Structure formats: C-alpha cells, structure tokens
Amino acid sequence: MTSLLNNLNKELNLFSKAGDTNLNDILESTDDFIKDLKSLEKDLELAIESEESIDISSVGKVNKWYDKSISSLKSYNSQINKFSKNILTNPQYTIDLDDAYTYPLNIESLPISLNQNLNEEEAALKEVKKENQQELIKAIILHLLKIGQSDIIEDIIDNKDYDFQINSELLQQFKFLNEIVDDITIRHDLTKALAWFKHKYNSNVLKKGVEYEEIEFKLHILKFVLLLNGNNEFSLDNALEAYLYSKENFPRFFKTYLHELSPLMSLLLFKTIDDKESTNPDDYARKHMINLLSEFYNKMKLTFSKDWEDNKSNESRFVQDVLNNFETINENSSIFTNLASEFISYYCKDMKLSNDSSLFQGILAGFINLPPFYKYNKIQRKLSRVSMSFTQEERPNLEDNETLSSETINYNKIIAPFTFDLPFQLSDTNRFLFEYHPVFICPVSKEQLIPLTQEIEEKKTKKPRLEPSRPHNPVVVLKYCHHVALKESIWQLSRRGAEVFKCHYCYKKHKFSEVSEAYFIDL
Amino acid sequence: MEPSVNFYIQSNSTQFKVPTELIKKNFKTAQKLIEKQKKQLASDVSKIQKNPSLPNSMKLEMIRKLIKSFETFQKKLQQVVDKDKEYRDRLTARFDNLNQLSQFTIENDDHSHDTDHDDKILDHHNSNLINWYRDQANILIIDYLIKSNVKTEQSIGMKLLHNLSAVNPKFMKLIDYDLFENFNKIYVSIIENHDLSLVIWWFEDNRNSLKKINSNLEFEINYCKFLSFIQDGKTDEAIKFSQNHLSKNGNISNYSNNEINNYYKNLEKLKSIGGLLVFLALNETDNDLLFSSSLVKNSSRFHSYENLLSDDRWTNLSEVFIENFTKLYGISKNYPLFIYLSAGLSSLKTKSCYCNYENTIFFNENQENLGITNTLLDKKLRGPNHYYKLLNKINHCPVCSPEMFKLSRNLPYAQLITNIFNNPYKLPNGNIYPFDKLTNPTDKYLSDKDSLLRDVKIRDPLTREIFSMEDCIRVYPA
C-alpha cells in the first residue's frame with residue numbers, strides 16, 4: 001500500500017464508523033423513546049381499567065431524544081467534513097481528468113446537441129462528429145459481443161437513429177459465444193467450451209497443437225477441480241469421477257505440464273482418503289487425519305508457490321490460483337471470468353477477428369499512458385497560460401513556408417497529417433502489450449516509415465478519404481553492409497544521388513544506385 | 001512517467017467525491033426530518049403537559065397519536081439511514097477496488113527513478129492487472145452509455161450494469177448510476193422536451209450547495225422561461241414574470257462579491273429584454289408595407305432577437321446545467337471514456353495503421369473485393385492493408401479496426417522506436433520477413449518447404465516466388 005492508499009483507508013474507516021455509530025445512536029434513541037411512549041400507553045390502559053389517575057409528564061423526554069439525535073448528527077457531520085478536507089479537497093488526491101484530455105476526439109461531448117447555425121466548416125466537422133459517434137457505438141457493440149454480452153446489443157441495434165448492418169452469420173456465432181461465456185462465468189459449467197474445441201478438431205478447422213494447448217489445459221484443470229470439489233463436499237463418487245476424467249483428458253498434457261499436473265493429482269489422493277474416513281466415523285482418528293492432510297496440502301501449496309517464483313508461466317500462475325482457492329472454487333468468480341476472456345480470444349481468432357476488443361485495447365492503452373498526457377497538458381497550460389486552444393495552434397503545418405488555405409486547415413482538423421506526431425515520447429516499458437506492426441524509425445531522419453497502403457485500383461468514389469495521402473518514401477537496404485534507412489534520407493545523404501556517401505552506422509561507402517527498396521512483412 | 005497506484009487513485013478522486021456529496025445531501029434530509037418531528041412533537045407534548053387534568057382516555061388517545069407519528073418518523077429515518085449506509089458502502093467498495101492495485105505492483109528496485117519512494121509502479125506483465133482493467137473499462141463504457149442515453153424507455157447502460165453485476169455484484173457499487181441517470185433525464189428534458197420542471201426541481205433540491213459554487217442557474221432558468229412566454233405570445237405573463245423573477249437580477253446589491261461576473265452577464269441579457277418586446281410587436285403585425293418596420297426586420301439586431309427565441313436558449317440552459325452539475329459533484333466535463341480513449345488511441349497510432357475492414361462485423365459500402373490472381377507481384381500488395389489478408393494473418397491492431405481507425409483520424413501519431421521482428425531476412429524481391437517463420441511456414445501451400453530447403457531454396461509466402469537462399473540476406477534495421 002502506498003501512503004495515499006493508507007491514508008485513504010484510515011479516513012474512510014473513520015468516516016464509515018462515524019456513520020454507523022452516530023446514525024445507530026439516533027435510531028436507538030428513537031427506539032427508546034417509542035418504548036417509553038408504549039409503556040406510557042400501557043400504564044394509561046391500566047389506569048383506565050382501574051380508574052386511577054396517572055402522571056404522564058415523562059412524555060417530556062422528547063427533549064432528551066432530540067438533544068441526543070442532534071448531538072449525534074453533529075458528530076457525524078464533523079467527520080464528513082474531515083473526510084472532505086483530508087481527502088476530497090486535498091490536492092494530493094485530486095487530478096482533474098479533463099486536464100488529461102490533451103487531444104479531444106472528434107465526437108460530441110454532450111448526449112445530444114442541437115443544430116445551430118453552422119458555417120460550412122462547422123457543418124463538415126459536425127458531420128464527422130456524427131459519424132464518429134456511430135463508430136463509437138459500433139465499437140461498443142463489438143466490445144459487448146467480445147465480452148459475451150450479445151443480448152444487450154439487440155436493444156442498441158433496434159435504435160432507428162443508427163444506420164449500419166451487421167453480418168448476421170458472425171452475430172450468430174457471437175450469440176453462441178455468449179452462451180458459452182455465461183456457462184463459464186455464471187453457471188461455472190465448462191462443458192460447452194470444451195465441446196467447442198472437440199468440434200473444431202473433428203471438423204479439422206483447428207489442428208491439435210501448441211496454439212490451443214494453454215487454454216485447453218486450463219479448462220481441463222478447472223473441470224477436474226470442479227468435478228472433485230464442485231459442490232464443496234468430497235465424496236468417493238466425486239473423486240472417482242475426477243479420476244476418470246483426468247485419466248481420459250490429462251495424458252496429452254503430460255509432456256508440457258507435468259509439473260503443474262502433479263500437485264493436482266495428489267489432491268485426488270487426499271480427498272479420497274478423507275472421504276473413506278468419513279464413512280467410518282471415528283472422530284478422533286478422522287480429525288487427526290484431516291489435520292495431517294491439511295498440513296500436507298499447505299506444504300504442497302507452498303512448494304508450488306516457490307517453484308512458481310522461478311517459473312512465472314501463465315499456466316503455473318493459473319494452477320496456483322486454482323490451488324489457492326481449491327476449497328472455495330465456486331466463490332472465486334475471477335478465476336472463471338479470466339478464463340472466459342481467454343476463451344473469447346481464441347474464439348474470435350477462429351472467426352478471423354482480432355482476439356480482443358479494440359475498444360478495450362484502446363482504453364487499456366489510455367489507462368497505461370494517461371500520465372504523460374496529463375503532465376504534458378499541465379505544463380503546456382502553465383507555459384501558454386492559454387487554455388484549450390493550444391492544441392489547435394500547435395498542429396503542424398503541412399509545409400511550413402506555404403500559407404495554408406482554410407480548406408486544408410479544416411481537413412487537418414478531421415484527418416491529421418503524417419507530420420502530426422505526439423510531442424512527447426511514451427515510456428517503452430509497456431509497449432510489449434501493443435506490438436501490432438513492425439515499426440521502423442529511420443536512423444538518419446528519425447522519421448517513422450509510412451508503408452504503402454494504396455488500393456489496387458483507386459476507386460472513383462467521391463467519398464472523403466480516410467487517410468492523409470502517403471508520401472512515397474520506402475525503406476532501402478544498403479548493398480554492402482545491409483543497414484536500413486528511409487530512401488529520402490539516403491537521397492539527401494548522397495546529395496540527390498550525385499555523391500558517394502557513408503553508411504550512417506558503419507561508414508561503408510555506397511552510391512545511391514547501390515541501395516534497393518524493401519518492405520517489412522510480418523508473418 | 002509510468003502508470004502508478006497513486007496516479008490511479010488521484011485520477012479517480014471523483015469516485016469518492018460523488019458518494020460523499022450524496023451522503024451530505026442525505027444528511028440534510030435526516031436533519032430536516034428530525035427538526036420537523038421535534039417541532040410537531042413539542043407542540044403535542046406541551047398540550048399534554050399543560051392539561052394534567054385531562055381524562056385518561058383522552059391522554060391515551062394523545063399518546064397513541066404520538067406513538068403513531070413517531071413510528072412513521074422512525075420508518076422514514078430508517079430509510080435515510082439505509083441510504084447513508086448504501087453510499088458509504090460505495091466508498092468502501094471503491095477503496096477495495098483501488099486497493100487491489102497493491103497486488104499488481106513491481107517491487108521497488110533501487111533505481112526508483114522519477115517517482116517518489118512511496119508510489120508503486122504497476123506491473124503490466126501481470127494478467128490479473130489486465131483483467132482488473134477490463135472491469136474498469138466496462139465501468140467507463142457504462143458511465144458513457146448512462147450519461148449519453150437519450151431514450152426514455154430503456155437505458156442500455158443500466159442493462160449492461162445489471163448484466164455485469166450478475167457475475168460480479170461489486171459493479172453496482174462502483175458507479176453512481178442513480179445520479180447519472182438523473183443527470184441524463186434532466187438534460188434530455190431540457191434539450192429534447194423543452195421542459196423546465198425537472199431542472200427547476202433539481203435547482204430547488206440543491207439550492208444551498210449551488211449557491212456555494214456561485215451558480216447562475218436560477219437566472220438562466222427564469223430567463224429561459226421568460227423567453228418561452230414571449231415565444232408563446234403571452235406577453236402579459238412574460239412582463240409579470242420578469243417583474244417578479246428577473247428584475248431583481250439587475251440589481252447589483254443582490255449579488256455577492258463572488259458572483260459579480262454573473263451580474264454583468266445577466267445585465268447584458270436583461271438589457272435586451274425591452275427590445276425583445278418591440279421585436280414581438282413587429283413580428284405580430286403582418287404589416288410589411290410599413291417601410292420603417294421592414295427596415296428594422298432586416299437589421300442585424302432584429303436577427304439577434306430571432307436567435308434569442310430559437311432553440312439556442314435550450315442549448316444554453318442545458319450547458320449551464322451541465323456546468324453546475326459537474327462542478328457540484330466534481331465530475332469531469334468530458335466523458336472519462338473519451339479521455340482515456342483519446343490518450344490510448346494516440347499512443348497506439350502508428351504510421352503503418354490502415355482501415356482494416358476485415359476486423360469488424362459491420363458491412364461497409366467501401367469494402368472492396370480485390371482480384372489477386374495476376375497481380376501477386378504488384379508492389380502495392382506489400383502494404384499491410386493487403387499482405388495480412390493474403391497471408392491469412394489476423395491484424396490485431398486496435399487502431400486498424402475500422403471503428404477505432406475513424407475515431408482516431410484527427411489524433412496525433414505516437415512517437416515510437418524501431419521495433420522489427422527478430423532476424424529480418426530480405427529476399428531478392430525486396431520483401432523482408434522474420435527468418436524463423438519463413439523457414440517454418442504453417443500454411444498448406446508451402447507444404448513443399450522441405451524439398452525446397454533441401455535445395456537450399458525458399459519460397460516467398462506472399463508472391464510465391466522461389467529464390468535461392470544464397471541470394472537472401474539478413475538486414476540490420478537498427
């Protein structure tokens with residue numbers, strides 16, 4: 001825990017406790033007062049019966065009730081204020097998220113906005129915003145499908161405001177995925193998921209092999225544990241079933257996962273013994289045995305965690321999680337949710353779609369990279385003392401010496417030119433999560449390679465292009481040293497092809513004619 | 001700057017602010033309830049005490065009345081207490097949620113660079129952290145769906161929230177859905193239905209807290225109402241209304257020092273009200289023949305009055321409402337989803353990204369069918385937009401998905417460093433492939449690889465050309 005967390009925890013505890021005690025005090029004193037009134041009522045009833053006179057001045061206790069209530073309120077109030085002061089208005093705890101919105105998306109920030117009198121440029125921008133809003137909804141639909149929530153999207157699609165069509169075959173497949181995911185996460189039933197693999201193997205769509213081994217292994221492990229311990233009680237029948245299951249399904253994983261499998265198989269062993277004891281109840285012996293067993297079981301868990309320290313494979317981590325939660329496997333929803341999202345990624349791959357929700361990945365990158373955006377914006381604001389408008393000003397001009405027509409500026413607001421780079425470099429530590437394209441930065445010009453993405457035949461549609469036009473500046477390989485740079489840089493190095501130049505790395509001499517264009521292609 | 005536990009706590013301060021505000025408000029309800037109960041009881045009790053000679057039966061009746069009233073009070077009080085508990089549970093749940101981050105940190109090494117010693121850097125190699133982010137992302141999406149909902153019948157955001165809570169009940173406590181739903185309803189009532197009743201109710205309900213943040217909402221509501229009277233031709237009512245509700249805003253002594261900006265803004269608006277009446281008179285007479293009135297009708301001033309009576313006033317009021325609402329609860333003005341998404345997409349956008357229509361389930365009219373038979377040698381096919389498809393490879397890049405690609409059109413490109421696959425190997429035709437995968441193809445059409453390898457030859461998986469290995473070279477991009 002960091003001290004911020006610690007302090008937050010402390011303040012919250014005080015807050016919560018104050019709420020509980022003080023409000024309870026009020027309730028109690030109210031209750032007491034009602035009790036008093038009721039006893040008075042009873043006395044009166046008796047007095048009426050016996051026709052005696054009675055003093056009911058004790059009803060005046062109402063002030064006592066009131067004073068107590070108000071003092072409780074006061075004491076709670078002061079705790080609320082303390083929390084506000086120590087946490088909510090404490091600058092240590094507050095970052096204004098709006099300050100991190102350095103590059104606003106072209107999308108409406110309000111639920112609805114009315115069509116006001118717009119000039120042509122604003123109208124075009126508005127059109128894009130409208131389009132983008134629909135793209136966001138599409139992205140959310142895909143996201144929901146990919147997290148197994150296909151039933152909700154019907155409601156979105158029904159909305160007449162949207163204008164798009166979904167491939168119904170893929171949608172159908174997603175509905176099936178939804179069933180599998182619900183089975184895993186809600187009912188903790190893995191049958192359909194495992195059957196899907198079997199089906200895919202039988203129809204020869206997937207080859208049994210390394211690619212799917214990991215997820216299948218995890219599914220089988222969990223299934224095994226569920227069989228053994230599914231309803232939180234161990235019986236010989238359960239153990240037998242689990243054993244038969246393991247006999248049938250585990251052998252093909254021995255080669256890769258023996259280390260992970262062995263502790264699981266030993267589980268089978270104790271539980272069986274435990275069960276035998278319970279059928280012949282001899283309390284003392286049974287207790288003794290259970291103690292021995294749990295001790296052994298804990299030792300095994302420990303050994304495994306130790307091993308795990310050295311071998312941080314995903315599968316080992318999973319087995320460790322399962323072991324740690326063995327007794328309460330059904331209460332640990334995260335094991336099932338995580339496994340479900342892993343399964344989804346394989347399922348999507350099979351549908352030829354990317355394995356994760358693009359929306360989620362975009363947000364994830366945001367979670368990870370937000371700090372520099374926030375910091376940058378803060379500094380910029382301090383420097384310029386001008387809020388909000390600087391992002392526009394800062395947009396680079398396409399060509400510095402040319403004055404830009406308003407049309408180009410407008411266009412740049414919709415489609416950023418290739419020269420529009422983030423003004424700061426992001427930390428590379430977490431880049432491994434997002435390596436999708438081979439990226440080449442020219443060692444000479446420091447420019448990023450822009451691969452060609454031309455269409456085979458340029459279409460005649462008048463629709464606005466989605467991309468800025470791409471300059472022809474491919475990668476070239478130097479003939480003698482095989483170093484790589486961008487063609488434009490080499491063109492400059494060789495004084496427009498006129499002179500012999502030295503390689504930027506090894507100083508080997510080359511002529512411009514001794515370089516050849518090349519293309520990075522990932523397999 | 002690395003993502004850390006502290007940064008995450010700081011950027012989520014709203015999560016604690018909103019329930020606390022709700023608690024404060026609920027607290028005031030409790031206070032009022034108690035005061036009211038006390039007042040009523042005091043009078044009842046004094047009645048009893050003043051008349052000690054009352055017959056017992058009447059005394060009994062009065063006591064029973066007291067009990068009844070107190071029991072109703074108790075029920076109401078219990079509701080308030082339950083609410084308080086619910087809000088406090090939200091705070092605790094949010095702390096527990098953030099506290100989970102403590103499990104996903106990197107143990108501080110000696111080189112704890114620019115972060116303070118106390119902070120902890122998050123370990124993104126931990127898949128449990130990534131799964132934790134999945135929940136947070138879903139919360140952002142629900143937040144967006146609820147706040148941006150314009151349908152009255154059903155809220156998709158709420159439905160999603162309920163669905164996700166079925167698996168993980170903590171979701172209900174991590175988002176202030178009730179408040180946001182309410183916010184959304186009021187906003188929609190203003191801008192869609194041109195109905196002021198909800199925003200008036202909200203204003204009354206939060207009058208004191210709004211005063212503390214120098215809100216000008218009351219004036220804006222009244223101003224809007226006045227314009228509505230004018231628009232409906234109810235001039236008499238408009239004048240009466242402005243006398244009762246607007247004219248006081250023209251008096252500087254009705255403003256505190258902090259509200260002085262409001263005064264000047266409001267004064268401007270009030271000044272034009274008189275002219276508006278003239279405008280109205282002109283508009284009502286169809287007498288276009290009068291030269292003077294047609295002159296006025298073409299003046300710019302006249303058009304600005306027209307604007308006053310257009311739908312702009314509803315937009316204006318809704319904006320003021322949003323400003324007040326977000327300020328009161330410390331909520332960000334932009335949807336948090338947009339903020340994270342914009343940073344995320346900017347940090348992922350490479351110059352190799354292209355609009356990949358393969359990776360979606362939506363039909364697109366731009367979708368092309370490319371004939372690939374005779375053009376395999378075409379250099380254009382070496383662009384990522386073609387080669388993924390030809391090689392039967394899935395492009396997992398989120399920015400390339402058509403939806404995200406369009407959303408990120410206006411965003412800057414990330415500054416990156418060279419990152420090429422291992423062992424880049426160039427064939428004579430210029431194609432550079434990862435060597436290991438080149439010699440171990442998984443695809444069926446390369447089933448002749450063994451015989452090729454025996455001849456020290458290799459086939460380009462894209463162009464299907466066969467080359468002698470001798471002519472292929474290892475290249476050095478960095």
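Guide: We'll take confidence, then the interface, then the strands.

Visitor: What is pLDDT?
Guide: It is the predictor's confidence in each residue, from 0 to 100.

Visitor: What is the mean pLDDT of chain A?
Guide: Chain A has a mean of 80, and 78% of its residues reach 70 or more. Residues 272-278 of chain A stay under 50. That stretch has 14 contacts (heavy atoms within 4.5 Å) beyond four places in sequence. Residues 387-402 of chain A are also below 50, with 24 contacts beyond near neighbours in sequence.

Visitor: What should I do with low stretches?
Guide: Where pLDDT is low, the predicted coordinates should not be read in detail.

Visitor: And the mean for chain B?
Guide: The mean pLDDT of chain B is 84, and 85% of its residues reach 70 or more. Among the elements of chain B, helix H16 (residues 336-348) has the highest mean, 96. Helix H13 (residues 291-297) of chain B has the lowest, 60. Helices (H or I, at least four residues) and strands (E, at least two) are DSSP runs, numbered from the N terminus.

Visitor: New topic. How many residues of chain B are in contact with chain A?
Guide: On chain B, 182 residues are in contact with 188 residues of chain A. The two chains bury about 17600 Å² between them, with 66% of it on carbon and sulfur atoms. Buried area is the accessible area (1.4 Å probe) that two parts lose on being put together, summed over both.

Visitor: Which three residues of chain B supply more of that area than any other three?
Guide: They are B:Lys351, B:Ile361 and B:Arg409, which supply 5% of the area that chain B buries against chain A.

Visitor: How many salt bridges are there across the interface?
Guide: The rule finds nine between chain B and chain A. A salt bridge is a side-chain nitrogen of Lys or Arg within 4 Å of a carboxyl oxygen of Asp or Glu. One joins the side chains of A:Asp20 and B:Arg88, at 3.4 Å from N to O. Over all chains, the count comes to 37. A:Asp20 lies in helix H1 (residues 3-50) of chain A and B:Arg88 in helix H3 of chain B, so this pair joins two chains.

Visitor: Now the strands. What order do they take in the sheet?
Guide: Six strands form an open, mixed sheet in the order E3(A)-E2(A)-E6(A)-E3(B)-E2(B)-E6(B). Two strands pair if DSSP finds at least two bridges between them.

Visitor: Which strands stand at the edges?
Guide: Strand E3 (484-486) of chain A and strand E6 (473-474) of chain B do. Each has a single partner strand, so one side of each is left without a neighbour in the sheet.

Visitor: Where do the chains pair, parallel or antiparallel?
Guide: Strand E6 (residues 515-520) of chain A and strand E3 (residues 431-434) of chain B pair in the parallel sense over two bridges. There, A:Tyr519 has B:Asn431 as its bridge partner.

Visitor: And strand E2 of chain A?
Guide: Strand E2 (residues 475-478) of chain A runs antiparallel to E6(A), joined by four bridges. A:Val475 stands opposite A:Ala518 in E6(A).

Key
Residues numbered from 1 in each chain as written. Chains lettered and ligands numbered in written order. Heavy atoms only, no water.
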